[in-house]
Amino acid sequence: MRTYYLEGVISFLNSESQNAASDVPESLRKLKSLLESLQYNRKCVDNPEELWNTWNGTSDLKIFENEFVRVSSSNAFIRKRIKPKKQHEIDHIVELISQIQKYMEMKEDPIDSLVDIGAGVGHLSRIISLRNKLPVMAVEGNQEFTLAANSLDEKLVHTSAKQQKNDSRLEKLPVRYTTFVTDQLATKIDDFSTKSSILVGLHCCGDFSSTVLNIFLSSRKAKALVLLGCCYHKEFQCFHFLNPTPVNKEVSENLKSSVFPLSRKWSGFELSYLHRELACHSNENMSRRFSEDKIDMSRYARAYLEKWIWIVSESPDDRNIGMCSVKCVEEETTFEEYIRKAMSKRGKHLLDRVLEIIPKTELSRYVSTLRSSQFDKFDVLRQSFGPAIESVIIDDRLELLRENGITAKCVPLFDPTISSRNLAIVAYKV
Ligand SMILES: C[S@@+](CC[C@H](N)C(=O)[O-])C[C@H]1O[C@@H](n2cnc3c(N)ncnc32)[C@H](O)[C@@H]1O
């Protein structure tokens, strides 16, 4: 690794074959193959048939399109304000929902409604209403997002009526609520659904995913679940600002992690904040993250500052304190400016001591000069563990469902180079 180029290591880590680069050190080869054996397959399902086979385990249905239908990009009105990444996600989820609808019909328990939890500005729920022809309830904690979603719904209704296009006619608007979601949502779902509902959570951050799992377990009428997590490090109601009765900080600090573990299988194991943060990085986009124009210089300053913090700190709690993020400009932001901004909140009590001990010549250096290839190499190695840690978190969620008698699968639903949190939990109670 010492002499091996960073780009070479990144491309080796992303290659499908172990033989891709003959000059890679043996230790790195072994590490790659070990990590791969620990992680869920991240290669996106190629087409609707492969999707069906992956979540449902059967290959008996032969009624699929050859490709995913581009629902969200097919029509300019529908596409309005939807970014390409979201379009890709929506196209694949819409197909998955129709497959679950078909499957549940075959099992004589047809789906009659869908609940989108943490619906954001509502693109997914709007398109599902349109294409899957289901009554949709969309729940979101941020009122501004609900208002924006309502306004986009109305615009679509208005324009499609003028155009008289059947494929873009929204027959029934999603019912949208602004509420801070807790386990109590299960009762609301049971009131909304006639008999069987699908729950969808697209990128429910941190322990919001744990809440969605609890809701699915306790709702009588929730029969299927499609859940994708993100930001695994965020917990104890990371969206507390949306909550009218937030959890007291002291109480939350004494609580067990609400992200991991949830299942009996993983009980007794721990993943720290840093591990869970690492689980949000994936190898597919690593070369972009390390490329010159995308490089986040504050990472080097943060690492360099940590060395000084270790010297002045008396308590282990002072090491690795969460710092404010700082936007660093090349040949403009000095190390001192970075330190003052980064430590302005949680590191405040150490600020003076750190500034005293660091030589003036160091403090006046531009942050951009702190970039170090040794740091980059270490970081690439560290980040290569991300997908294996994410797989543990997902496995824990799957096991929680299985331990409750529910069929649950991990499906690589999105192309990871487009949407890196691409592993969906697909579960159903039949
Ligand atoms: C990462 S965003 C995903 C939004 C949307 N599903 C999408 O993919 O575009 C997560 C959303 O969940 C909402 N959220 C998080 N925790 C929540 C809670 N406990 N109750 C309600 N909404 C919450 C946030 O406001 C945010 O809009």
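Trainee: What stands opposite Ala224 in β7?
Mentor: Tyr428 in β7 stands opposite Ala224. Helices (H or I, at least four residues) and strands (E, at least two) are DSSP runs, numbered from the N terminus.

Trainee: Before we go on, what should I know about the model and the numbering?
Mentor: This is a predicted model, in which local features need pLDDT of at least 70 and side-chain atom pairs count only at pLDDT 80 or more, while totals for chains, interfaces and linings use all residues. Residues are numbered from 1 along each chain as its sequence is written.

Trainee: OK, in which sense do β5 and β7 pair?
Mentor: Antiparallel: β5 and β7 (residues 423–428) share 4 bridges. Pairing takes at least two bridges found by DSSP between two strands.

Trainee: And how many bridges link β4 and β5?
Mentor: There are 8, and β4 (residues 197–205) pairs with β5 in the parallel sense. Gly229 in β5 is the bridge partner of Cys204. Between β4 and β5 the chain passes through helix α9 (residues 208–218), and this β-α-β crossover is right-handed, which means that with the strands pointing away from the viewer, the path from the first strand over the helix to the second runs clockwise.

Trainee: Why is β5 largely enclosed?
Mentor: Because 8 of its 9 residues (222–230) are buried, the rest of the structure largely encloses β5. Buried takes 20 or more other C-beta atoms within 10 Å of a residue's own, exposed 12 or fewer, and partly exposed is in between, with C-beta atoms placed from the backbone.

Trainee: Where does Cys231 lie?
Mentor: Cys231 is in the loop between β5 and α10 (249–254). Cys231 is buried, with 20 other C-beta atoms within 10 Å. Leaving aside neighbours within four places in sequence, Cys231 is in contact (C-beta atoms, placed from the backbone, within 7 Å) with Cys205, Gly206 and Cys280. Its C-alpha atom is 6.9 Å from that of Glu277, 46 residues apart along the chain.

Trainee: Switching to helices: at roughly what angle do the axes of α1 and α17 cross?
Mentor: Roughly 5°, with the axes of α1 (residues 6–14) and α17 (residues 373–383) coming within 10 Å. Axes are lines fitted to C-alpha atoms, for helices over the stretch in contact, and angles run from 0 to 180 degrees between N-to-C directions.

Trainee: Which residues of α1 and α17 meet?
Mentor: Leu6, Val9 and Ile10 in α1 meet Ser373, Asp376, Lys377 and Val380 in α17.

Trainee: Last one: how many helices and strands does the protein have?
Mentor: It has 18 helices and 7 strands, and 37% of the 430 residues are buried.

Key: Two residues are in contact if their C-beta atoms, placed from the backbone, lie within 7 Å.
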